[in-house]
Amino acid sequence: MEDLIQFAENFFRNLKTEVRREGNILLVSKVPESFEKFYGKKSPYELNFSQEPNKEYPNSEIISKNNFLISVMREFLENKGQTTLLKIDFEEGSRDFINKHFLFKNAKIDSINKLEKNRAIIRFTFQTTFQYLNEREQITTPIYASDGKLINFRLEDYKTSEGKKDTLNLGDIKKEYEIAKEKAKELIKPTIERVGTMLDKKLEKELVRINHHFSSQKQEFEQKMKELENQKRELLNIQNPNENVKQKITKIESLLTDLRGSEVLTRLNKEQEFFLKDETHKHSLGVSSKLINTTIILSSIWKLSCFLRNSNSTRILELEYDPLLKTVSKITCDCCKKEINKVGLCSSGHLSCESCLRGCSDCQKDYCLLCLNHSCFSCGKKLCRKCAKRCSKCHKEKCSTHISGSICETCREKTKTYF
Amino acid sequence: MVIINESFSDDLELLEKIEHKEFESREMLDLKVNVEELINDSKINEIISYAKIKKNIEFELPHQKDGALKILRDLNGTALLADEVGLGKTITAGIVLKECIERNLIKNALILTPPSLVDQWVAELKTKFELDFKIIENEEDWSSTKFAIASIDRVKNQNRETKQFKHKKAHEITWDLLMVDEAHKLKDRATTRWEFVDKIPKKRFLILTATPFQNDLLELYNLLHLLKRGHLGTIKEFKKRFLNRGNKRHPLNPRELKTKLDEVMIRRRRDETIVKYMKRIPKIVAVELTPEEKEAYDSMCDLLKTKYFKANGNEMNGRLIIFAILPKITSSSRSAIESLTNIANGEKYHGKTRALAAKILEKYKNLKVDSKINKLVEIVKEIYTRDKDSKILIYTRHPTTLRYIVDTLKPFNLKIVEFLGGLDREEKTKRISEFKESADILISTDTGAEGLNFQFCNNLINYDLPWNPMSVEQRIGRLDRIGQKKDMNIYSLATKDTMEEHVVDLIINKMCCIGMVIGELPIILFNLGLDGKSKLGTSKIEEILMNNFINSKNNLNKFARGVDKIAKMIEEGIAEYNDSKIENEELLKNINQTSKSQGGIN
Ligand SMILES: [Zn+2]
Ligand SMILES: [Zn+2]
Ligand SMILES: [Zn+2]
Ligand SMILES: [Zn+2]
Ligand SMILES: [Zn+2]
């Protein structure tokens, strides 16, 4: 009952009528003409959803699920709601997601610039009716597709709201429709099989009845012929038959001819065939499917420009974040090209994995191996570009320990000996 | 083995909507899914169409809905519906039909009825079930008709030479539902009628009859043989198992037969339902004529019986004229005067006849008293003395008499509603509610009140009486309906020492008010071969009475003897019917009496 009153309330709210609920009474007024005409009754309506007359509203109409009004509502809705546009509502959580997904070793996301794009998922809802004898089964099958492929998805798992048409950029969906239709056909097969087997059993019983009946009839006929033949034979065996016997024989003979000529068996066979066919038709299974709704489900994809920053440098990370699939585009180490989750920011702006990120021996700043491509000729220490000093004499790169001023220690030693 | 018809609808239209970015709110979809869930039940556990039907029928009778449910749910739509007379089998069958359509179970249906019921079926299907059925007239109609109704007598005909059914097209269509009404006419297997029905391919099959057998259990076998081949075995097996050679009506192994019947039959007795019938109390009111009136009346009968023929020189059909005029001149003095004036001035009549009519007219005009209308006033007064809130329905066959009665009753300060043929629906509805709400008396002609319901009134006065018992049954039927709470007083005026006395006695005392219920009289008349119409369009009984009148040549005794003969015939028919009713009841009684309805309308 509560189901019903809620349905009715929603229905009338949806029609933008004035609806007031008082307990089990629904007071509906200002119903649009389109529905009034459809129903054949002018508003206001006083609807009583309990099964007892109401004292306060003695004129209210008692509504049960078999009530005329409910079936009118059903008819009214029949061709409504065939197409729907929805949007999945996601909490905007790109920063958290990125911070959870990646570990930034030596930098922080400072700010994010976002650009929203949409992905479309199409839900085809097929309704299949199985009709047999006086029964009807109905199943609805939702099938989801996106980008020309079937996908596993459940709209129920997401919070959604009405989508905006202008954000929809959809191509032809016939391909998706075709593959969804094939899938729907596949999904109803088990039901066809189950119902078919059940019907087969029922039909078999009826066919047995008919076959039994007609074989009895045919047997009875043959029995009768045989009896007549026997009678005839006995009479023929009588020696010196009198007139009476002769007459009897003639009578039996003509009766036999009549029966043979009457094509009783042919008629019975034809009748039998007719009734078997009739019964088979009666037990046939009708399966009819139709697309009752197509819903386009929009789901955002964010183009993110994240500003990754530390005291030494800044790097803009271009990421694509998909909150539906909970994915974000990959980050690779600029040095070894491997995919990384732990991200380091090289002081010259490279992204680097843990193993490719080192400190410069002199300035101690983080540099990736691409940048630490300098080393001291004397001690071999890796140096950043800024810390590697070239000696003006020998032109070798040296660290701060092995060079002072513009001449390295080695060259300075040589000079000393010479003097 | 099972045939599977798989279909997939063409959904392009819907895809186009997407292309054009036409979307509806999601609530619409939710509501749609919601309502389907609320209503949808795969098995038929309820009659979902009843909500629509309910508003069109006057009284809800649970057994009708229950019966329809049982037929569809338990009997797969193939059943013998054998409720007792008066329980509304037509309504039950209509519910089955409507439900099948509403649930999308059927795409076509065929109803076969006796010729006299075709129009009634069409009207009931329209008003009560909002279904349009097309009447099959010609062979060509079959291909264009999905929901067809046909007179079985019309379509069963065979071509004389080829022995083929003229309407064999009916046999080329698989009918999702076939219904045959008044199937007591299908009890003989060797008739073309039976064969015609047997050859119709059908998925569901409903046979309607109150009396599945009349004289012989084989009739029952034939009906079931038609309904479900082999259900009772071959005829030889049936005879051996169930037929008692000594008594064709009493089966051997009755219990076993009942069990077999229960598998395909629905039968309810009145006492199992909430339907209650009130008594019809016949009140014949003798009208004693003054000598002057008697003389005028007699000479008028003379005009019709003897003089008229002699005076008539041209080729006019004398019988036809009598059939047309007799009821009019016996109706009331005023309608007699009108008729006589017409004859006296009628150029088509022979000069002698006109002169004679003029003479009798003079007698009528000079009458000082009208004993019949005085008697009516007496009855009306008596009714109101007994109960001042009474309502009275007065019937006459003629508009002239109707006016006369209105004029006569006017001075008595009663509120009178007139009801004649030719009123439009709106006006009819207005006058009916006037009668129901505020008026005292409704005066109607037979055509005026056809099919109307006045169960709130329990006094009927037949100012004149049709000679057709079914017309009288129709009159009483306006009162004698479900919802009538009182016994009904059926007053009938009969002029003493005239043939009317005998006719009224026959029709009222021996046919219409003998404790039978609505629907039984036509069955008895059918069994006697007295149903249907004569060549002149009158009912057969009416024709016999008329001929009797002509042949008696104004000899009342001779006329009375003729009436007695009819009475005897009817009496025998009733006795026969009652006997078979008892036998039917005995055999068809449900062993396990289920779902007895409770309560009563009264
Ligand atoms: Zn690396
Ligand atoms: Zn450095
Ligand atoms: Zn670097
Ligand atoms: Zn060094
Ligand atoms: Zn150097």
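Predicted model: local features only at pLDDT ≥ 70, side-chain atom pairs only at ≥ 80, totals over all residues.
For the complex, the predictor gives an ipTM of 0.72 and a pTM of 0.73. Chain B has a mean pLDDT of 86, with 93% of its residues at 70 or more. One stretch to treat separately is residues 591-602 of chain B, where pLDDT stays under 50. Even there, the model has 25 contacts beyond four places in sequence.

Now look at where chain B meets chain A. On the chain B side 67 residues are in contact with 83 residues of chain A. Together the two chains bury about 7,100 Å², and 57% of that is on carbon and sulfur atoms. Phe8(B), Arg26(B) and Arg229(B) supply 10% of the area that chain B buries against chain A, more than any other three residues. Arg229(B) turns up again in a salt bridge with Glu271(A), with the closest N and O atoms 3.2 Å apart.

Next, head over to the zinc ion (ligand 4). Holding it are the SG atoms of Cys376(A), Cys379(A) and Cys399(A), plus ND1 of His402(A), at 1.9 to 2.4 Å. The angles among these four donor atoms run from 96 to 122°, and the site is tetrahedral. Along the sequence, the donor residues follow the spacing C-x2-C-x19-C-x2-H. Cys376(A) sits in the loop between strand 18 and strand 19, while Cys399(A), 23 residues away, is in the loop between strand 21 and strand 22, so this pair links distant parts of the chain. Cys376(A) counts as buried because its relative accessibility is 3%, and Cys399(A) is buried too, at 1%.

Note on methods:
Residues numbered from 1 in each chain as written. Chains lettered and ligands numbered in written order. Heavy atoms only, no water. Donors = N, O, S within 2.8 Å, 3.2 Å for Na, K, Ca; no water. Tetrahedral: all angles 85-135°; square planar, octahedral: opposite > 155°, others 65-115°. Helix = DSSP H or I, 4+ residues; strand = E, 2+ residues; numbered from the N terminus. Buried < 20%, exposed > 50% of the residue type's maximum accessible area, 1.4 Å probe, protein only. pLDDT = per-residue confidence, 0-100. Contact = heavy atoms within 4.5 Å. Buried area = accessible area lost by both parts, 1.4 Å probe. Salt bridge = Lys/Arg side-chain N within 4 Å of Asp/Glu carboxyl O.
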